[in-house]
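Thanks for passing this one along. Here are my notes, in numbered points, to read beside the model.

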Amino acid sequence: MSKEIISDFALKRLIIITLFAISLPFASINAQGIGELAQPKPAEVFPPNTWGMDIMFGDAGFGLGTFYRRQIDVKWSAFAELSFSETKDDREFEYIDYFGNVITIGKKSRVFQMPLNFGTQFRFFENDIAENLRPFISLGVGPTFLLVTPYQEEFFNSFAYAQVEYAVGGYIGFGANIGLDKSSLVGITFKYYYSQILSGGVESLYGREKTKIQGFFITLNLGMMY
């Protein structure tokens, strides 16, 4: 190989190395710029107060509730909730007679629960997913008022014979608030309730006392933020 070829090859290598060395600072600057662009933007600031209603769907049917939440910081909120729904014994068996009436075999009483819960809500993944989906976990505790009405009476007339019992317990829930609207709230929560009856128990079915109230609800949260 001639000296001219060797010299030309060496010159080309030197040019490539020099260009690479010159380009390194610019690559570093570009990388830093990309890193700066990739920085997470500050979380959206929503109004601290929320008042609204819950529409509940559970094993025993339909329920309604109301709630108030106060945001403490980006992650934590405190709340108070009151709801009303029917609860049933796991052993209840329903059938429809010839005339279309729904009959529960051996049923003695209708039992309605009114839990009043106070608790906290913790938001997570606030920097990992979009602000229009804000997942959280919530925990509430408090008293539960039980309204026991005779099953043999017509539904609305039976409340004239209602008896009140008391329980204590709470729930754990997992859900998410949806959307970026700062005046209204839409969310969904999956809740599991558990309460221990203080008086010993209530008879939903003849001869079978319920000593605890438990159940799973899917809850649609609708509210106003201010």
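Is Arg91 buried, partly exposed or exposed? Arg91 counts as partly exposed, at 45% relative accessibility; on this scale buried means under 20% relative accessible area and exposed over 50%, with partly exposed in between (1.4 Å probe, protein chains only).

1. Ground rules. This is a predicted model, in which local features need pLDDT of at least 70 and side-chain atom pairs count only at pLDDT 80 or more, while totals for chains, interfaces and linings use all residues. Residues are numbered from 1 along each chain as its sequence is written, and side-chain values use heavy atoms, with hydrogens and water left out.

2. The barrel. Eight strands, in the order β1-β2-β3-β6-β7-β8-β9-β12, close into a barrel with antiparallel pairing. On average, neighbouring strands of this sheet are turned by 25° against each other, direction ignored. The strands here are DSSP runs (E, at least two residues; helices would be H or I, at least four), numbered from the N terminus, and two strands pair if DSSP finds at least two bridges between them. The angles come from axes that are lines fitted to C-alpha atoms (for helices over the stretch in contact), and they run from 0 to 180 degrees between N-to-C directions.

3. Strand β1 (residues 49-58) pairs with strand β12 (residues 212-225) over 9 bridges, in the antiparallel sense. Within this part of the sheet, Phe57 stands opposite Ile218 in β12.

4. Strand β9 and its neighbours. On one side, β9 (residues 184-197) is joined by 12 bridges to the antiparallel strand β8 (residues 163-178). Another 13 bridges join β9 to β12, again antiparallel. Tyr192 is a handy landmark: it faces Ile172, and its bridge partner in β12 is Phe216. β8 and β9 form a hairpin with 5 residues between them, and Gly179 in the turn has a positive phi of about 100°.

5. Two faces of β9. Side chains alternate along this strand.

6. The structure holds 5 salt bridges, each a side-chain nitrogen of Lys or Arg within 4 Å of a carboxyl oxygen of Asp or Glu. One of them links the side chains of Lys191 and Glu81 (3.2 Å, N to O). Lys191 lies in β9 and Glu81 in β3 (residues 76-87), so the pair ties together parts that are 110 residues apart in sequence. Lys191 counts as buried at 2% relative accessibility, and Glu81 is buried too, with a relative accessible area of 8%.

7. Asp89 forms a salt bridge with Arg91, with the closest N and O atoms 2.9 Å apart. Asp89 counts as buried, at 6% relative accessibility. In another salt bridge, the side chains of Lys107 and Glu92 meet (2.8 Å, N to O). Lys107 lies in the loop between β5 (102-104) and β6 (109-123) and Glu92 in the loop between β3 and β4 (94-96), so this pair ties together parts that are 15 residues apart in sequence. Both Lys107 and Glu92 are buried. Salt bridges that share partners also join Asp54, Glu81 and Lys191 into one network.

8. The largest cavity. There are 2 cavities of 30 Å³ or more, a cavity being a set of points on a 1 Å grid over the protein atoms alone where a 1.4 Å probe fits but cannot get out; lining residues have an atom within 4 Å of a point. The largest holds about 280 Å³ of space, a volume being the space filled by probe spheres set on points that are joined across faces, edges and corners. Its lining has 20 residues, of which Gln71, Ser77, Gln121, Arg134 and Asn177 lie nearest the centre.

9. The second largest cavity. About 40 Å³ of space lies here, and the lining residues include Asp54, Glu81 and Lys191. The elements giving two or more residues to this lining are β1, β3, β6 and β9, with the largest share, 3 residues, coming from β3.

Methods: On a 1 Å grid over the protein atoms alone, a cavity is a set of points where a 1.4 Å probe fits but cannot get out, and a pocket is an open set with protein on both sides within 12 Å along at least five of seven lines; lining residues have an atom within 4 Å of a point.
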